[in-house]
Amino acid sequence: MEQLLLANETNINATYDSCVPKYFIFNSKTVYAVPILTFSFVCHPAILPIYEELKGRTRRRMMKVSNVSFFAMFLMYLLAALFGYLTFYGKVEAELLHTYSEVLGTDNLLLIVRLAVLMAVILTVPVVVFPIRSSITQLLCTGKEFSWVRHCIITGIILVCTNILVIFV
């Protein structure tokens with residue numbers, strides 16, 4: 001009887017230990033969070049174009065727009081991370097959608113979420129490339145008339161250099 005109680009207590013402790021959240025986990029998979037963090041705040045190159053479009057441009061108004069934007073992004077990613085972690089605790093993988101795929105298998109809602117993330121990444125590229133291309137065009141081609149050929153070549157060079165950098169890093 002005593003062995004049965006001891007075994008039952010061990011099972012309860014093992015279950016309790018697996019449900020206790022850890023606030024910070026640093027291991028070899030922690031580095032996978034860097035691209036997610038970088039992508040979540042990728043809007044910083046668009047600050048100058050946003051400032052140009054702002055009615056009644058003032059530094060204070062721009063800071064208000066920036067603070068609201070960054071807080072909204074922070075809150076969105078924090079909630080996704082928090083609920084993903086509280087769902088799986090220590091068994092969450094480096095990418096949350098992979099963890100849901102393992103648990104749910106092939107699910108239509110999960111497929112829609114993956115497509116939404118893919119569309120977000122694809123549609124972010126022009127927002128990031130625009131200020132870089134504008135700066136390069138201003139530096140190299142000041143006073144020249146707009147050319148689609150030059151526009152496409154600069155965009156292509158930016159994308160190729162970025163991909164090469166990503167592959168090597």
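**Reading the labels on a helical chain**

Mentor: The accessible surface of the protein chain comes to about 14,100 Å², of which 70% belongs to carbon and sulfur atoms; accessible areas come from the Shrake-Rupley method with a 1.4 Å probe, and for residues only the protein chains shown count as cover. This is a predicted model, in which local features need pLDDT of at least 70 and side-chain atom pairs count only at pLDDT 80 or more, while totals for chains, interfaces and linings use all residues. Residues are numbered from 1 along each chain as its sequence is written, and side-chain values use heavy atoms, with hydrogens and water left out.

Trainee: How many helices and strands does the protein chain have?

Mentor: The protein chain has seven helices and zero strands. Helices (H or I, at least four residues) and strands (E, at least two) are DSSP runs, numbered from the N terminus.

Trainee: Why is Thr155 called buried?

Mentor: Buried means under 20% relative accessible area, exposed over 50%, and partly exposed in between (1.4 Å probe, protein chains only). Thr155 has 16% relative accessibility, so Thr155 counts as buried. Thr155 lies in helix α7, residues 148–168. Leaving aside neighbours within four places in sequence, Thr155 is in contact (heavy atoms within 4.5 Å) with Val129 and Arg133.

Trainee: Are Cys141 and Cys161 buried or partly exposed?

Mentor: Cys141 is at 12% relative accessibility and therefore counts as buried. Cys161 has a relative accessible area of 47%, so Cys161 is partly exposed.

Trainee: How many disulfides are there?

Mentor: A disulfide is a covalent bond between the sulfur atoms of two cysteines. The rule asks for a pair of cysteine sulfur atoms within 2.5 Å, and by this rule the count is zero.

Trainee: What makes Leu79 partly exposed?

Mentor: The relative accessible area of Leu79 is 40%, so Leu79 is partly exposed. Leu79 sits in helix α4, residues 59–88. Leu79 also belongs to a nonpolar surface patch with Phe71, Phe74, Leu75, Leu78, Leu82, Phe83 and Leu86, with about 740 Å² of accessible area together. Patches are made of residues with over 30% relative accessible area and no salt bridge; like charges are joined within 9 Å, nonpolar side chains (Val, Leu, Ile, Met, Phe, Trp, Tyr) within 5 Å. A salt bridge is a side-chain nitrogen of Lys or Arg within 4 Å of a carboxyl oxygen of Asp or Glu.

Trainee: Which residues of α4 are buried?

Mentor: They are Met62, Ser66, Gly84, Tyr85 and Phe88. Their cover includes α3 (47–53) and α5 (96–104).
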